[in-house]
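Thanks for coming. I have one structure to go through today, so let me put it on the screen.

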Amino acid sequence: MFKAVVVCAVIAVSLLGVIHASDLILGNILAGDRILHNQGYVGAGIPNQIANRVVSYNGVYNITAIRAYDRSFNRTGAASLTYGGLGYRNASILVQGRSAGYGYDYLVEIYGLAMTENQLVEILPEDWPRLCALFRRNWPEHVFAYGLVSNYIKWKQQSSTETNVQIFSLNGTWPENGTFLLFDEFEIYFYSMDVESGYKSLSDALCLVKWEGYREVSMDFLEKHRAALDVAISAKSLFVAKDTLTNFYYKSKEVVAKDKVDLEGLRFDRVTVDQLDHIYNQWPLRTSISQDSGYNLLKRLISLNESVGLFNTKDGSMLSWCLRDQTGAFSDLQTMETQLRKGYGRAVVSEFSRLLAVQGEDSYAFVLASNERSCKLFESCGFTKVTHLHWVVVRQNG
């Protein structure tokens with residue numbers, strides 16, 4: 001097979017001459033690769049227009065190399081990859097005349113290799129918007145995944161320091177099943193739409209994680225994916241250090257809660273890093289996570305996400321506040337102990353969901369199932385419990 005592939009490649013180059021700037025050359029043709037697509041495309045020039053065509057390929061093999069050779073006499077073509085490509089099972093290639101009036105003549109070859117073993121394939125940041133778009137289906141069924149990916153897209157755009165976050169799929173099949181793992185330092189988030197297989201692609205992907213490389217891994221995930229994680233926990237003999245159940249509350253932007261709290265002498269404003277020490281000292285999780293990790297996490301959420309604080313207009317003191325976490329959910333809702341039972345927490349939540357609704361966004365929150373008071377607060381603000389979310393921390397045994 002390898003010899004045949006090399007011969008084909010050599011013949012193609014010998015017929016066309018040396019590689020030109022108007023050729024598209026992506027990837028390397030490797031031993032065991034096969035030709036998945038081999039076809040010529042010709043288009044006549046159009047006066048005052050750029051003649052073009054999109055060559056689309058969808059298959060069952062992972063693409064390892066793409067070649068688009070410009071066969072026009074004066075090399076007046078241009079070719080570019082617009083979708084999919086290396087590591088994927090699909091590709092769209094735009095071939096066209098270089099400018100108005102020119103035609104095109106291209107030979108397009110696509111090479112690929114069938115994966116014999118499962119592997120995690122990175123979803124590049126430029127493909128994150130396409131991944132995110134998958135989760136708009138049957139809204140709001142996949143709101144967790146949509147909010148998670150869209151929030152990291154926003155973070156990537158806002159900060160050059162968000163470079164360590166990576167998203168992977170099983171064998172590059174995410175366009176088909178919506179299965180992905182998102183890695184962010186010691187946290188892993190995951191999701192899958194692979195219902196028909198019982199989320200097998202998710203359990204297979206989780207079994208490929210290099211768990212031994214972590215001291216501990218923290219994960220927030222929906223209840224429907226618990227069984228998939230349990231497969232990996234059993235297969236990799238992981239120890240569950242923490243397992244906390246929360247209620248997943250959701251509120252559509254169309255729902256408006258009527259807040260009757262008297263806010264005279266108070267104002268809403270965004271929380272800033274100037275309040276970071278104040279928030280950290282009231283943070284319930286400060287004893288569950290190292291000071292550096294907890295402090296940096298809160299700083300990150302305050303700097304990159306929306307937030308709402310309720311302030312005393314006279315002295316500027318912050319009485320109540322709410323942040324958004326990595327998934328885009330409301331988090332860290334707190335009210336100063338001296339200001340409890342005045343409706344301030346409810347006012348902050350209502351104002352936050354109102355602000356997001358103005359931006360066209362729905363609201364959601366994860367509330368400890370055992371915290372009846374907080375559950376009732378969110379329900380009074382128009383939120384509905386839609387499922388459970390688990391917070392699980394695991395580490396290697398021994």
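Is Y364 buried or exposed? Y364 counts as buried, because its relative accessibility is 3%. Bear in mind that this is a predicted model.

Y364 has an aromatic partner, F366.

Now the aromatic pairs in general. The count comes to 18 aromatic pairs. One of them is F144 with Y191, again tilted, at 6.4 Å centre to centre and 35° between the planes. F144 sits in helix α3, residues 143-158, and Y191 in strand β11, residues 187-191, so this pair ties together parts that are 47 residues apart in sequence. F144 and Y191 are both buried.

The two pairs I have named belong to one aromatic cluster, made up of F135, F144, F180, Y191, F248, Y364 and F366.

Next, N247. This residue is part of strand β13, which covers residues 238-251. N247 has a relative accessible area of 7%, so N247 is buried. What does N247 touch, leaving out residues up to four places away in sequence? The list is A365, F366, V367, A369, C375, K385, T387 and H388. With H388 there is a side-chain polar contact of 3.3 Å.

On annotation, UniProt lists residues 307-392 as "domain: GCN5-related N-acetyltransferase Rv2170-like", in an unreviewed entry. In the model, that span is 28% helix and 38% strand, and its end C-alpha atoms lie 25 Å apart.

Last, a sheet. Three strands form an open sheet in the order β3-β6-β5, with antiparallel pairing. Which strands are at the edges? They are β3, residues 52-58, and β5, residues 77-84, each pairing on one side only. From one strand to the next, the twist averages 20°. β3 is joined to β6, residues 90-97, by 7 bridges. Within that pairing, R53 has V95 in β6 as its bridge partner.

That is what I have; comments are welcome.

Key:
Residues are numbered from 1 along each chain as its sequence is written. This is a predicted model: local features need pLDDT of at least 70, side-chain atom pairs count only at pLDDT 80 or more; totals for chains, interfaces and linings use all residues. Side-chain values use heavy atoms; hydrogens and water are left out. Two strands pair if DSSP finds at least two bridges between them. Helices (H or I, at least four residues) and strands (E, at least two) are DSSP runs, numbered from the N terminus. Axes are lines fitted to C-alpha atoms, for helices over the stretch in contact, and angles run from 0 to 180 degrees between N-to-C directions. Buried means under 20% relative accessible area, exposed over 50%, partly exposed in between (1.4 Å probe, protein chains only). Contact means heavy atoms within 4.5 Å. A polar contact is a pair of N or O atoms within 3.5 Å; within protein, one must be able to donate a hydrogen and the other to accept it, and residues adjacent in sequence count only if both atoms are side-chain atoms. UniProt positions are given in the numbering used here, feature names are shortened, and annotations may be inferred rather than shown by experiment. Rings of Phe, Tyr and Trp (its six-membered ring) pair if their centres lie within 6.5 Å; planes under 30 degrees apart count as stacked, over 60 as edge-to-face and the rest as tilted.
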